[in-house]
Amino acid sequence: MTASLSLSQARRIALAAQSLAKVRPAGPVTPRAVGRTFAQLQLVQIDSVNVLARSHYLPFFSRLGDYDTAILHAMASRSPRRMMEYWAHEASFIRPEHFPDLLLWQKRAWVGAHHLEPAIREDMEERILAALEASRPMTASELTERLGHDHAADRDNWGWNWNIVKRVLEHLFEEGRVSAASRSQQFERRYTLTSRVFSAPGAITATGATAAIDRLIEAAARAHGIGTVRCFSDYFRTPIKAGTDAVRRLVEAGTLEPVSVRGWDREVFRHVDAKLPRKAEGRALLSPFDSLVFERRRLEELFGFHYRIEIYTPAAKRRFGYYVLPFLLRDAMVARVDLKADRSAGQLLVRSAFAEVNAPADTAVELSAELQLMATWLGLSEVVVYPVGDLSAALAEEIGRTAWPSHRVNPLTGEPGLAAVVSPVD
């Protein structure tokens with residue numbers, strides 16, 4: 001008999017699977033805690049937008065609070081690596097054990113040099129691989145200089161203003177022949193041979209495509225706790241048809257179980273190891289690229305929260321702002337805020353704050369505490385609230401009331417707490 005769950009139960013399962021159901025642990029955040037969180041998420045998406053913080057830093061803050069981002073750098077650059085870059089849900093940090101499986105299922109031909117004349121591409125591949133073999137990791141621009149390539153000779157419209165060296169590098173990256181050793185301060189990949197990052201590249205096709213997709217879908221289902229075939233397939237961006245077949249096999253194996261969720265009118269599956277907490281007690285500002293909000297249809301069906309990234313929307317047509325973060329409180333999305341880190345001024349700018357319908361009475365109180373924690377994590381000394389949105393006045397009042405707690409020290413000034421400023425619209 002198919003188990004029946006309420007929508008509230010399904011939400012709590014999803015939040016527990018994403019490590020968002022509990023109150024954050026007290027005390028300093030250890031590398032072990034960061035590693036456990038990454039293992040639970042399976043991947044974090046990378047994005048170059050840095051209006052607040054790099055997108056791969058934010059999921060760990062959402063779940064752990066004030067932590068040292070150097071822990072992530074160590075996980076991604078020191079041997080044995082606990083995270084590496086590859087295509088998954090867009091460009092992502094992944095667990096290295098998923099790399100061989102993703103090589104079989106990720107097809108990003110539009111990114112690299114597939115349409116370049118084969119003789120030109122192959123010649124450049126040989127030159128790049130020889131240069132990387134003989135040197136330290138290099139960025140595309142460093143490789144271009146090392147190879148003496150004339151960027152101005154690339155007259156075609158390459159997209160992203162990429163030259164042939166960068167195109168071929170991305171082709172080799174997609175094929176798994178080169179990897180990212182690290183990132184520069186400008187967030188450029190430093191490329192190196194994959195054999196220097198992944199210890200067993202010769203094993204990448206040993207188990208076959210069927211076993212690979214089953215592992216990826218199982219990992220996605222574990223990270224979701226509960227979801228549809230579309231949810232699971234979207235996590236690593238694998239084909240829906242292959243995901244459907246994998247879910248069927250995982251159900252037969254007893255790894256997944258079909259369930260019905262009242263109000264969620266699609267075929268839903270629960271991972272057998274998924275936990276159902278009695279209640280959700282978490283609180284988090286979520287990156288636009290957080291894995292909980294990857295699949296917008298799931299987000300709306302599960303949480304009743306309609307969400308779109310408006311970065312590429314003309315300013316006059318934006319509803320909520322440029323870089324808008326959902327605010328999760330307990331088991332509901334209760335607000336959204338448009339945030340920016342003004343590092344030169346030492347300010348966290350709250351450019352708009354909107355409450356959701358039926359947001360609880362303590363929304364401004366909890367959001368204020370979360371913003372102050374974020375400012376501390378980012379090393380900012382003020383929280384500046386713009387009078388935009390129906391939550392902004394209550395939020396500014398609450399931050400102004402609580403911004404100078406005696407038990408916290410501002411990391412920039414050495415003085416207790418944070419300052420709060422209410423700003424006019426600029």
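Reader: Which element gives the most to the lining of the second largest pocket?

Author: This is a predicted model, in which local features need pLDDT of at least 70 and side-chain atom pairs count only at pLDDT 80 or more, while totals for chains, interfaces and linings use all residues. Residues are numbered from 1 along each chain as its sequence is written, and side-chain values use heavy atoms, without hydrogens and water. Among the elements that give two or more residues to this lining are α1 and α3 (58-64) (helices are DSSP runs of H or I, at least four residues, and strands of E, at least two, numbered from the N terminus). With 5 residues, the element that gives the most is α2.

Reader: How many charged residues does the lining of the second largest pocket have?

Author: The lining is made up of 32 residues, and A16, S19, L20, K22 and Q40 lie nearest the pocket's centre. Sorted by class, 14 residues of the lining are nonpolar and 8 are polar, while the number of charged residues is 10.

Reader: Which strands stand at the edges of the open sheet?

Author: The sheet has 4 strands in the order β1-β8-β9-β7, with mixed pairing (two strands pair if DSSP finds at least two bridges between them). Two of these strands have a single partner strand each, so one side of each is left without a neighbour in the sheet, and these are β1 (3-5) and β7 (226-227).

Reader: Which residue in β8 stands opposite L5?

Author: Strand β8, which covers residues 256-261, pairs with β1 in the parallel sense over 3 bridges. Within β8, the residue opposite L5 is V261.

Technical notes
1 Å grid on protein atoms, 1.4 Å probe; cavity = no way out; pocket = protein on both sides within 12 Å on 5 of 7 lines; lining within 4 Å. Nonpolar A, V, L, I, M, F, W, Y, C, P; charged D, E, K, R; others polar.
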